[in-house]
Amino acid sequence: SSYFLGQSYAASYYSYNSLLHLRSGNLLNSYRDMRTAISINPYNESYRIGFSQTNLLVADAIIRNARKNLKSQEQLNLSENDRLQVSQAIQQAIAEARSAVTLNPRSAQNWANLGLIYANLLNLTQGSDSWAISSYQRAINLDPRNPVFRMRLGSLYYLLGEYQDSTQLFTQAVSLKPDLANAHFNLGWSLYQQKEYEEAAKQMKAVLTL
């Protein structure tokens with residue numbers, strides 16, 4: 001019992017340090033400590049979720065750093081090493097998010113995180129839109145009263161130009177939580193894209209009221 005308690009404490013220690021490093025902007029140390037936490041306790045879903053998002057941040061940081069060196073109108077062209085690191089980080093992000101789902105497929109949050117990972121890879125990974133949609137749908141089915149999951153799926157449909165679907169989901173989010181200003185805001189823009197200007201204006205008025 002003492003051994004397992006000690007392992008659990010050690011994993012929590014590294015996980016907590018990882019969050020501290022992340023908040024201070026030290027992505028490398030955050031990555032290292034979260035990986036250590038998982039190696040000590042591979043059965044903790046929250047560690048897997050955290051590491052999936054950390055890997056996504058790693059890929060984003062590499063791309064952002066490459067863009068800093070671009071001249072005006074110059075297209076992004078990653079080096080071979082950068083492309084390899086981005087690819088590895090993306091694969092690791094997906095693998096960790098899937099591991100969380102495997103550990104507890106009844107957790108809506110685990111499915112929502114998998115959807116979030118895929119949604120952030122729309123321009124990088126083929127088929128990520130379908131995976132993101134199906135993951136968010138699973139999250140909604142498991143927790144139908146949570147407006148956030150409908151907001152995320154609605155936002156994804158909005159990015160894909162599927163405005164009728166996004167409007168439907170934002171409307172549902174508003175119904176579930178009428179005082180959620182962001183739901184009214186997103187609904188307003190979704191209606192605007194469908195040229196329903198009067199209804200869009202009503203939603204924006206609701207945002208100002210809230």
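Trainee: At roughly what angle do the axes of helix 5 and helix 7 cross, and within what distance do they come?

Mentor: This is a predicted model, so read each value as computed from that model. The axes of helix 5 and helix 7 come within 11 Å and cross at roughly 20 degrees. Angles under 35 degrees count as roughly parallel, and therefore helix 5 is roughly parallel to helix 7. The crossing of helix 5 past helix 7 is left-handed.

Trainee: Which residues of helix 5 and helix 7 meet?

Mentor: From helix 5 come Ala108, Gln109, Ala112, Leu116 and Ala119, and they meet Phe149, Arg152 and Leu156 of helix 7. By class, the residues of this contact between helix 5 and helix 7 are six nonpolar, one polar and one charged.

Trainee: Which residues of helix 4 meet helix 5?

Mentor: On the helix 4 side they are Ala93, Ile94, Ala97, Arg98, Ala100 and Val101. Their partners in helix 5 are Asn110, Trp111, Asn113, Leu114, Ile117 and Tyr118. The contact of helix 4 with helix 5 comprises nine nonpolar, two polar and one charged residue.

Trainee: Which residues of helix 4 are buried, and what do they pack against?

Mentor: The general idea is about spacing. An α-helix has 3.6 residues a turn, so residues three or four places apart point the same way. In this structure the buried residues of helix 4 are Val86, Ala89, Ile90, Ala93, Ile94, Glu96, Ala97, Ala100 and Val101. These buried residues pack against helix 2 (27-40), helix 3 (45-68) and helix 5. As for length, helix 4 has 24 residues and reaches 34 Å from its first C-alpha to its last, close to the 34 Å expected at 1.5 Å a residue.

Trainee: Is Thr54 buried or exposed?

Mentor: Buried means under 20% relative accessible area. Thr54 has 2%, so it counts as buried. Thr54 lies in helix 3. Not counting residues up to four places away in sequence, Thr54 touches Leu27, Ser30 and Tyr31.

Trainee: How does Asp129 count by relative accessibility?

Mentor: Asp129 counts as partly exposed because its relative accessibility is 30%. Asp129 lies in helix 6 (residues 128-142). Leaving out residues up to four places away in sequence, Asp129 touches Leu122, Leu156 and Leu160.

Trainee: At what angle do helix 8 and helix 9 cross?

Mentor: The axes of helix 8 (residues 163-176) and helix 9 (residues 181-193) cross at roughly 155 degrees and come within 9 Å. Helix 8 is therefore roughly antiparallel to helix 9. Helix 8 passes helix 9 in a left-handed crossing. Among the residues in the contact are Phe170 and Val174 of helix 8 and Leu187 and Leu191 of helix 9. By class, this contact of helix 8 with helix 9 has seven nonpolar, seven polar and no charged residues.

Trainee: Which residues of helix 8 are buried?

Mentor: They are Ser166, Thr167, Leu169, Phe170, Ala173 and Val174. What covers them includes helix 6, helix 7 (147-159) and helix 9.

Trainee: What is phi of Lys195?

Mentor: Again, the general idea comes before the case. Most residues other than glycine have a negative phi. Phi of Lys195 is near 65 degrees, a positive value in a residue other than glycine. Lys195 lies in the loop between helix 9 and helix 10 (197-209). With a relative accessibility of 61%, Lys195 counts as exposed.

Definitions and conventions. Residues are numbered from 1 along each chain as its sequence is written. This is a predicted model: local features need pLDDT of at least 70, side-chain atom pairs count only at pLDDT 80 or more; totals for chains, interfaces and linings use all residues. Side-chain values use heavy atoms; hydrogens and water are left out. Contact means heavy atoms within 4.5 Å. Helices (H or I, at least four residues) and strands (E, at least two) are DSSP runs, numbered from the N terminus. Ala, Val, Leu, Ile, Met, Phe, Trp, Tyr, Cys and Pro count as nonpolar, Asp, Glu, Lys and Arg as charged, and the others, Gly among them, as polar. The expected span of a helix is 1.5 Å times one less than its number of residues. Buried means under 20% relative accessible area, exposed over 50%, partly exposed in between (1.4 Å probe, protein chains only). Axes are lines fitted to C-alpha atoms, for helices over the stretch in contact, and angles run from 0 to 180 degrees between N-to-C directions. Angles under 35 degrees count as roughly parallel, over 145 as roughly antiparallel, 65 to 115 as roughly perpendicular and the rest as oblique. A crossing is left-handed if the near helix is turned anticlockwise from the far one by less than a right angle, and right-handed if clockwise.
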